[in-house]
Amino acid sequence: RVTPTSPQKEAYFIHLIGSHDNYNRRYTKEFAKFGEKKMVDKYDNSIFFTDHVLSQIYALFKKREKLLVVYFSDHAEAVSEKRSGHGFDPAYKDEYEAPVMFYSSIPNPHLDALKEHLSGKVVNLESLDDMVKIAMGVSTNLQKVSTSKTVGVLSPDRQLLVDDLSFVVIIKLCSSRRYEVFRFSPLFCHFCLWTSTCYDRV
């Protein structure tokens, strides 16, 4: 039960179904904003629907005086007309570029320190728990946040560098549409990171 006006410190963990293939099963028809002709259209529709769900969740908590929101994905997706999804072997780099987003309703020096420490770096999601502890002020050990580009492919014993993987789509989609879809309104993030996921998924 959500108690947004409770004076107690509370933590909520909400698991969303996300944008897994088949993407057309991850949104309702009224959120088919970009059509459904191409795979990327369906994927973007699923992100658009996720944006709506996140805005509804945010609305439950936005009146709290102190609010920290962490939104992340445990993996990314390779999205093309030929191949879509994750867990491919050989793996694609697309599958490892997952977003992590932090939002604080108050000035948060812990997040500022984390942002400065990670500026321009790729973060390995194996240290997501360390980043959350730092954001909460429970830890100050910035050195524990992994920037390793070593990832596991389907199992911990098959490791390689994420830079050695190829993209399923050579020309990445960086259209204005992508920014329109991926806005998570009205949640404006303190900062966002693109991470490299590891086999020890959260």
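Visitor: Before we start, what kind of model is this?
Guide: This is a predicted model, in which local features need pLDDT of at least 70 and side-chain atom pairs count only at pLDDT 80 or more, while totals for chains, interfaces and linings use all residues. Residues are numbered from 1 along each chain as its sequence is written, and side-chain values use heavy atoms, with hydrogens and water left out.

Visitor: Why is Glu10 called partly exposed?
Guide: Buried means under 20% relative accessible area and exposed over 50%, with partly exposed in between (1.4 Å probe, protein chains only); Glu10 has 33% relative accessibility, so it counts as partly exposed.

Visitor: What makes the contact between Glu10 and Arg64 a salt bridge?
Guide: The term requires a side-chain nitrogen of Lys or Arg within 4 Å of a carboxyl oxygen of Asp or Glu, and the side chains of Glu10 and Arg64 meet at 2.4 Å, N to O. This pair links distant parts of the chain, 54 residues apart, with Glu10 in the segment before α1 (39-61) and Arg64 in the loop between α1 and β1 (68-72). Helices (H or I, at least four residues) and strands (E, at least two) are DSSP runs, numbered from the N terminus.

Visitor: Is Arg64 buried or exposed?
Guide: Arg64 has 15% relative accessibility and therefore counts as buried.

Visitor: How many salt bridges does a search of the whole structure find?
Guide: The search finds three. One of them joins Glu36 and Lys29 at 3.3 Å, N to O; Glu36 is partly exposed at 30%, whereas Lys29 is exposed at 60%. Another is formed by Lys144 with Asp130, whose closest N and O atoms are 3.6 Å apart.

Visitor: Why is Asp130 called buried?
Guide: Asp130 has 12% relative accessibility, and so it counts as buried, whereas Lys144, with a relative accessible area of 47%, is partly exposed.

Visitor: Why are α2 and α3 called oblique to each other?
Guide: Helix α2 (residues 109-118) and α3 pack at an angle of about 135 degrees, with their axes 7 Å apart. Angles under 35 degrees count as roughly parallel, over 145 as roughly antiparallel, 65 to 115 as roughly perpendicular and the rest as oblique; α2 and α3 are therefore oblique. Axes are lines fitted to C-alpha atoms, for helices over the stretch in contact, and angles run from 0 to 180 degrees between N-to-C directions.
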